[in-house]
Amino acid sequence: MSGGDNLLKLVEAEEADEHDYLLQEQVGFILRKAHQRHVSIFAARIADLTPPQFAALAKLRDVGETSQNQLGTLIAMDAATVKGVIDRLKARGLVELSRHEVDKRRLLVNLTAEGRDAIERLIPLAREITQETLAPLTAKEAATFMKLLAKLA
C-alpha cells in the first residue's frame, strides 16, 4: 500500500468519525442521565426538599449568615434562582432574612433554629445519597470520578 493510500484511509476514517454522532456517547447526555439518577435517589430519601434547597441549607450551616447573593455564588446559582429558593425556605420557617446594618439594600440569610435542626438531621441522609449514587463504582473509581468532575466544574 502506498503512502497516498494510507493518507486516503486516514481521511476517510476522520470523515466517518465526523458523521458518526451517537447521542448516548456524548458527555452532556451521560451527565444528564447520571444527574437524573442522583435526583431520583435524592427525592426518594429527602422528599420534602429539592436539591437546591438542601444545598442552600447545607451551605448556610457551613458559613453562617451571609448575603443572598453570596449564598447564590457559593452554591452555583444565579440571583433569581437563589431568591426563589430562599423565599420557599423562609415560608417554611427554615431561614430568616434581615437587612445589613450598613448597606440596607443587602439582604442577609441565616438558618433558623428549625432550619439548623433540619439540616443536621438531613446530613447523614445526604451522605447515604452520595454513597448510593456512586454505588456502581469501586472506591477508587468513585474517587477518580469525583476528582474528574471537580476538574470539569
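**Figure 1. Meet the largest nonpolar core, where Phe54, Leu57, Leu89 and Val95 touch the most other members of a set of 26 residues.** This is a predicted model, and the views that follow are all taken from it. Helices H2, H3, H5 and H6 and strand E3 (107–111) each supply at least two residues of this core. Helix H6 gives the largest share, with six residues. As general background, nonpolar side chains in soluble globular proteins tend to be buried together.

**Figure 2. A close look at Val95 and its contacts.** Leaving aside residues up to four places away in sequence, Val95 touches Leu57, Leu60, Ile86, Leu89, Lys90, Val109, Asn110, Leu111 and Thr112. Two of these, Leu57 and Leu89, are listed with Val95 among the residues that touch the most other core members.

**Figure 3. Three strands form an open sheet in the order E1-E3-E2, with antiparallel pairing.** Strand E1 (66–67) and strand E2 (95–99) stand at the edges with a single partner strand each, so one side of each has no neighbour in the sheet. Five bridges join E2 to E3, and these two strands run antiparallel.

Figure 4. H3 lies across E1, E2 and E3, and runs at about 90 degrees to E3. H5 also packs on the sheet, where it touches E2 and E3. The direction of H5 makes about 115 degrees with that of E2.

**Figure 5. Helix H3 (residues 51–63) on its own.** The end C-alpha atoms of H3 are 18 Å apart, in agreement with the 18 Å that its 13 residues should span at 1.5 Å a residue. Gln53, Phe54, Ala56, Leu57, Ala58 and Leu60 are the buried residues of this helix.

**Figure 6. Salt bridges around Asp62.** The side chain of Asp62 meets that of Lys59 in a salt bridge of 3.9 Å, N to O. Both residues lie in H3, three residues apart, which is about one turn of the helix. In an α-helix there are 3.6 residues a turn, so residues three or four places apart point the same way. Asp62 also forms a salt bridge with Arg61, with the closest N and O atoms 3.7 Å apart. Lys59 is partly exposed at 24% relative accessibility, and Arg61 is partly exposed at 30%. Shared partners join Lys59, Arg61, Asp62 and Glu120 into one salt-bridge network.

**Figure 7. A salt bridge between Glu132 and Arg45, at 2.9 Å from N to O.** Here the link is between distant parts of the chain: Glu132 belongs to helix H6 (residues 113–134) and Arg45 to helix H2 (residues 27–45), 87 residues apart. Glu132 counts as partly exposed because its relative accessibility is 32%. Arg45, at 33%, counts as partly exposed too. The structure holds seven salt bridges.

**Figure 8. Ala76, a residue other than glycine with a positive phi, near 60 degrees.** Ala76 lies between helix H4 (68–74) and helix H5 (79–91). With a relative accessible area of 74%, Ala76 is exposed.

Conventions: Residues are numbered from 1 along each chain as its sequence is written. This is a predicted model: local features need pLDDT of at least 70, side-chain atom pairs count only at pLDDT 80 or more; totals for chains, interfaces and linings use all residues. Side-chain values use heavy atoms; hydrogens and water are left out. A salt bridge is a side-chain nitrogen of Lys or Arg within 4 Å of a carboxyl oxygen of Asp or Glu. Helices (H or I, at least four residues) and strands (E, at least two) are DSSP runs, numbered from the N terminus. Buried means under 20% relative accessible area, exposed over 50%, partly exposed in between (1.4 Å probe, protein chains only). The expected span of a helix is 1.5 Å times one less than its number of residues. A nonpolar core is a set of buried Ala, Val, Leu, Ile, Met, Phe, Trp, Tyr and Cys residues joined through side-chain atoms within 4.5 Å. Contact means heavy atoms within 4.5 Å. Two strands pair if DSSP finds at least two bridges between them. Axes are lines fitted to C-alpha atoms, for helices over the stretch in contact, and angles run from 0 to 180 degrees between N-to-C directions.
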